[in-house]
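Let's work through a few exercises together. Keep the sequence and the model open beside you, and try each task before you read its solution.

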Amino acid sequence: MTTISTTASTSNRIERPKTKRGVFADVREFIRIVKLHGGLVPMSAVGTILGVSRQRVHQLADEGTFTVFEFYGMKWLLEAEVVSFGKLKRAAGENQHEPSKKQMWKESQEFGREFVKQRREKSGD
């Protein structure tokens, strides 16, 4: 399933593939977008990367700051947009937390477990 959204009101939805051919088409689309835009980052990891809450990441995506893609039942953001946002000079009142490597590693492991669990649940359908 692919959802591409640049604002909260605009989205393109493609039905989730049920066959192997559909799954391969979804994987090809994912690879095409990665090659075209230079990489995707799971939305659940962006808060840790930027040092903001997950709610703030969703708010920014809803405002149109980030382009959102949905593959495999998960939301992904363009890596270039996340990096550009991270380089912005933000106001003093905003969260300036720098996550440690240990915290990022821990959250990436949790994300991996969650991803595998979702894939197993969906493959059993």
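Two residues are in contact when they have heavy atoms within 4.5 Å. This is a predicted model, in which local features need pLDDT of at least 70 and side-chain atom pairs count only at pLDDT 80 or more, while totals for chains, interfaces and linings use all residues. Residues are numbered from 1 along each chain as its sequence is written, and side-chain values use heavy atoms, with hydrogens and water left out.

**Exercise 1. Find which parts of the model have the lowest and the highest confidence.**

Step 1: Start with the score. pLDDT is the predictor's confidence in each residue, from 0 to 100. The protein chain has an average pLDDT of 77, and 75% of its residues reach at least 70.

Step 2: Go to the elements. Helices (H or I, at least four residues) and strands (E, at least two) are DSSP runs, numbered from the N terminus. Strand β2 (residues 10-14) has the lowest confidence, with a mean of 45, and helix α3 (residues 54-63) the highest, at 91.

Step 3: Over residues 5-14, pLDDT stays under 50. Where pLDDT is low, the predicted coordinates should not be read in detail.

**Exercise 2. Work out which side of α3 holds its buried residues.**

Step 1: The buried residues in α3 are V57, L60 and A61.

Step 2: These residues cover an arc of only 100° around the axis, so they sit on the same side of α3. The arc is that of the directions from the helix axis to the C-beta atoms.

Step 3: The cover over them includes α2, β4 (68-71), β5 (74-78) and α4.

**Exercise 3. Classify the aromatic pair of F30 and F71.**

Step 1: Rings of Phe, Tyr and Trp (its six-membered ring) pair if their centres lie within 6.5 Å; planes under 30 degrees apart count as stacked, over 60 as edge-to-face and the rest as tilted.

Step 2: F30 and F71 are 5.0 Å apart, centre to centre, with 85° between the planes, and the pair is edge-to-face.

Step 3: F30 belongs to helix α1 (residues 20-37) and F71 to strand β4, so the pair ties together parts 41 residues apart in sequence.

Step 4: F30 is buried at 17% relative accessible area, and F71 is buried at 0%.

Step 5: Ring pairs join F30 and F71 with W76, F111 and F115 in a cluster.

Terms used:
Buried means under 20% relative accessible area, exposed over 50%, partly exposed in between (1.4 Å probe, protein chains only).
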